[in-house]
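Have the viewer open as you read.

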Amino acid sequence: MPRLLILGRQGSGKGTQCVRLSEHYGVPHISTGDILREAVSAGTDFGLKAAKIMEAGDLVPDDVMLGIIRDRLAEPDARAGFLLDGFPRTSAQADGLAELLGSLGRALDLAVNIDVDTEVVVERMLARGRADDTEEAIRQRLNLYEEQTAPLLERYRDEGILVTVDGVGTEEEVFARLLATVDAHT
Ligand code: ADP
């Protein structure tokens, strides 16, 4: 079972494709956005703090995110494989992930970049109308993506595990491309 991470701009269809990929490969879908939204709905102290950060389109601190991922990867269902969605988002998170996987004697098989242009994703996000999808928050999140997350592409390219899939097309077309690419590289 593969150990995958999926990168892509907000609105790239990443979340939808990750649900399908995790079913196809039988690995848990670990979405940090979903985990944070669960904490927000649960109304814990942490959830209240996270909600403010998410509404502003900012990033939850790296040490907090690393703690969440450490706990999640320690669960038995993630032993054989996993699909990370929305993490890592910064180079500190990528460092932390590498260290964590190293200590567990595991390695990533593939970093998959779902590529969709900025103009296209802004249109898509305004159309979906999620609570944190105000135009201002969208711009903030896309800026942070370019600044903090896009540099990770270079890192995984250097490690020889980056593949890029064109994310423009129907959900079925993109899914078929993803399967073909992952199968060819794992
Ligand atoms: P999107 O891809 O549209 O940003 P997500 O569901 O992945 O949606 O994330 C929603 C919000 O949760 C982010 O804007 C951010 O505030 C927070 N978040 C999710 N993942 C991370 C992460 N790895 N590091 C920091 N903050 C995160």
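What follows starts with the ground rules and then moves on to pockets, helices and ligand.

The model is predicted, so to speak plainly about thresholds: local features need pLDDT of at least 70, side-chain atom pairs count only at pLDDT 80 or more, and totals for chains, interfaces and linings use all residues. Residues are numbered from 1 along each chain as its sequence is written, and side-chain values use heavy atoms, with hydrogens and water left out.

Pockets first. Rolling a probe the size of a water molecule over the atoms shows where empty space is left. Here the search runs on a 1 Å grid over the protein atoms alone, with a 1.4 Å probe; a pocket is an open set of points with protein on both sides within 12 Å along at least five of seven lines, and a lining residue has an atom within 4 Å of a point. Points are joined across faces, edges and corners, and the volume is the space filled by probe spheres set on them.

The largest pocket holds about 960 Å³ of space. Its lining has 45 residues, with Gln10, Gly11, Lys14, Arg128 and Arg130 nearest the centre. Among the elements giving two or more residues to that lining are strand 1 (3-8), helix 1 (14-25) and helix 9 (171-185), while helix 2 gives the most, with five. (Helices are DSSP runs of H or I with at least four residues, strands are runs of E with at least two, and both are numbered from the N terminus.) By class, the lining divides into 13 nonpolar, 19 polar and 13 charged residues. Nonpolar here covers Ala, Val, Leu, Ile, Met, Phe, Trp, Tyr, Cys and Pro; charged covers Asp, Glu, Lys and Arg; the others, Gly among them, are polar.

The second largest pocket has about 170 Å³. Arg37, Val40 and Arg130 are among its lining residues, and helix 3 gives the most to that lining, with three. Four of the lining residues are nonpolar, none polar and four charged.

Next, helix 7 and helix 8 pack at about 35 degrees with their axes 5 Å apart. Axes are lines fitted to C-alpha atoms over the stretch in contact, and angles run from 0 to 180 degrees between N-to-C directions.

Finally, the ligand: 17 residues surround it, the closest being Thr32, Asp58, Gly86, Arg89 and Arg141, where near means a heavy atom within 4 Å. The side chain of Thr32 puts an N or O atom 2.8 Å from a ligand nitrogen. An N or O atom in the side chain of Arg37 is 2.9 Å from a ligand oxygen.

Notes: A polar contact is a pair of N or O atoms within 3.5 Å; within protein, one must be able to donate a hydrogen and the other to accept it, and residues adjacent in sequence count only if both atoms are side-chain atoms.
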